[in-house]
Amino acid sequence: MRAANKRTDDSDDREVDERAKAAKKARRLVRKNADAMPVVEAVGGPQAERIVNAELVEPAPRGGIVEALSQRYVLHLIARRMLAQMYANSVLGLLWSYVQPAMRFAVYYLVFGFVFHTHLGTPYFALHLFTGIVFVHLFTEAWSQGTRSIWTNRSLVQKLRIPREVFPIAAIEVAALHTLPQAVLLTLFCIIAGWHLTVSAVLAGLLGFLIIAVFATAMGVLFSALNVYYRDFQNIVGTLLQFMHFLVPMMYPFGRIWRIGLLHPLFYQLYMANPVANGVVLLQQLFWYSLVEHKHRLHVLAGRTAPPDMWMRGIIVLIACVIFLVFAQRVFRRLESKFPERL
Amino acid sequence: MAQRSIVVDHVVKEFTMSYHRTMKQKLVASVRRLPLQEHFIAVNDVSFTVDQGEAVGLMGLNGSGKSTLLKLINGVMRPDKGKVLTRGRIAGLIATGAGFHPQMTGRENLYLNSAILGMSEAETNRKFEQIVEFADIGRFLDTPVSHYSSGMYARLGFSIAVHVDADIFLADEVLAVGDRPFKKKCLAKMQEIRQQGTTIFYVSHATASVRSMCDRVLVLEKGHLMFDGDVDEGIHFLQYDDDEESDEGLDSLADEELGSEV
């Protein structure tokens, strides 16, 4: 009993001590700073009454991705900021985003076309390949830039009141900006090669694009938050993305995967579980398959150009991606509350 | 009856500080039984309300949670417990200049920062001349801000913030960056804003300045709200005005402390 009493006395003493110290500190601080700021007298006359036509609300935004998307102007400015960051002190600047895919196209075309002969039996192989390169590039850049976006913009994140999802979404805008001219180029090639557009081809292209866009958004949002906690994630993403070019049917026709799938159904299902592969197959229906003349189609169909359940599969994958996006948003919100101390 | 402008209701904000970032460090620390992380309560159960048009001075020692409280009101942070409510548009000077991108020009940064503070493109265009004139950066407007002096940085940041036409204006100590004439100009502008009926939150150690600017003072101590009321009383409270005798006795203690700080 006695001992306990003594201990509380001790801690009381310490508290008094600490308080005295703090008092001393405060007095010194005040004395030193008393005239740190100039004195400006208040403006004369009565203060105007300001009526604010707004409700009392929480100042922190809660709208998530939806609210981020509605702030077009801020989104656009942040995307511009990212571009400035990306091409600071670079001579070629924006051109770099075309050099890389162009080189990749040349290398793949030579190696797979002339060395492995994967182009045999695939008319318009160049466009088959280019479709894949363009849209995989879109996904790759959106995901990898999205992953880095919050960490690299941390000075802005700390003073920003708008939802922080704008950063991964701005990264997608940047990626879209980079791939748009390539997509235009692709369309141009298609027109030159003689494009027979059908409604179903356009719908397939649209579905494929949606799958890639939604999946990239979800991955960008999720990994941007994770990357704040552990910077390993940006390296993990970089490593994973190196495989992405081989995991979609662009250097080789889809028919090869289909044939393997007849023997190894599990392999086939795993391959097609990749939303990007589904997206590319669907986009090829628009940008490549609609070029292939009817007389060639039978020949090509010896292998298949798309899974027989292409539509059903595409829609299911899209729904899964949307669900994944909702999940990513929830994870982001949970992780976000600890950003200030992590940045 | 003035409108409620800010409601802070039993707000708690806790930080988790991790000591170790890599897996190796964590492993070593856990083998040695060192703490992996520590919790730290920056703002502890703080409640108050502010009416529209009030000018509140926020005082307290460094590390007492002033900036955190300001960030909570600004909406950059969310409270862990309790509720923060605000009415209308908030502009603040919390860490001025942060968020400027060094590779972008003053003009581009001006647009970006205005947008972040909630101004539309049209509004920024309308106020562009005023902002530039107040910031007084002249021909440096189209130079990347990495070439700016720290004073110019602060001037541009402040200038954008005061031209937002906000309902609540938050000013952190960072105002202390500029030179004296500029400080004076800023404070005069803040008096003007106050006159227009904007709620003002002013963080400063400078008692004289707080006296002229504010009609109410909050004092924070280790995250707790210790005082809320009249300005003079608040400043009195902050100085812990106890008897002069104990002051003498404490001098040696304080010197020791000062020595360790140096």
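The following legends describe close-up views of a predicted model with chains A and B.

**Figure 1. Overall confidence of the predicted complex.** The predictor assigns the complex an ipTM of 0.78 and a pTM of 0.83. Chain B has an average pLDDT of 80, and 85% of its residues score at least 70. Within chain B, the pLDDT falls below 50 over residues 242–262, a stretch that has eight contacts in the model beyond near neighbours in sequence.

**Figure 2. Chain A and its make-up.** Chain A contains 15 helices and one strand. Of its 343 residues, 36% are buried. Where contacts in chain A link residues at least 6 apart in sequence, 86% of them join residues at least 24 apart.

**Figure 3. The contact between chain A and chain B.** On the chain A side 52 residues take part, and they are in contact with 62 residues of chain B. The elements of chain A that give two or more residues to this side are helix H1 (2–33), strand E1 (56–57), helix H3 (72–86), helix H6 (154–157) and helix H15 (339–342). H1(A) supplies the largest share, 12 residues. Sorted by class, the side of chain A that touches chain B comprises 30 nonpolar, six polar and 16 charged residues.

Figure 4. Four strands make up an open sheet in the order E1(A)-E4(B)-E1(B)-E2(B), and their pairing is antiparallel. E1 of chain A and strand E2 (37–51) of chain B are the edge strands, each pairing on one side only. Where the chains meet in this sheet, E1(A) is joined by two bridges to strand E4 (residues 81–87) of chain B, and the two strands run antiparallel. A:Leu56 stands opposite B:Arg87 of E4(B).

**Figure 5. Strands E1 and E2 of chain B, with a helix packed on the sheet.** Strand E1 (residues 4–18) of chain B pairs with E2(B) in the antiparallel sense over 11 bridges. In this pair, B:Val11 stands opposite B:Val46 in E2(B). Helix H2 (residues 66–74) of chain B packs on the sheet and touches E1, E2 and E4 of chain B. The direction of H2 makes about 60° with that of E2(B).

**Figure 6. The parallel strands E5 and E6 of chain B.** Strand E5 (residues 90–93) and strand E6 (residues 168–171) of chain B run parallel and are joined by four bridges. B:Ile90 stands opposite B:Ile168 in E6(B). In a regular strand, side chains alternate between the two faces of the sheet. From E5(B), B:Ile90 and B:Gly92 point one way, whereas B:Ala91 and B:Leu93 point the other way, and all are buried.

Definitions and conventions: Residues are numbered from 1 along each chain as its sequence is written. Chains are lettered from A and ligands numbered from 1 in the order in which they are written. Two residues are in contact if their C-beta atoms, placed from the backbone, lie within 7 Å. Ala, Val, Leu, Ile, Met, Phe, Trp, Tyr, Cys and Pro count as nonpolar, Asp, Glu, Lys and Arg as charged, and the others, Gly among them, as polar. Two strands pair if DSSP finds at least two bridges between them. A residue is buried if 20 or more other C-beta atoms lie within 10 Å of its own, exposed if 12 or fewer, and partly exposed in between; C-beta atoms are placed from the backbone. pLDDT is the predictor's confidence in each residue, from 0 to 100. Axes are lines fitted to C-alpha atoms, for helices over the stretch in contact, and angles run from 0 to 180 degrees between N-to-C directions.
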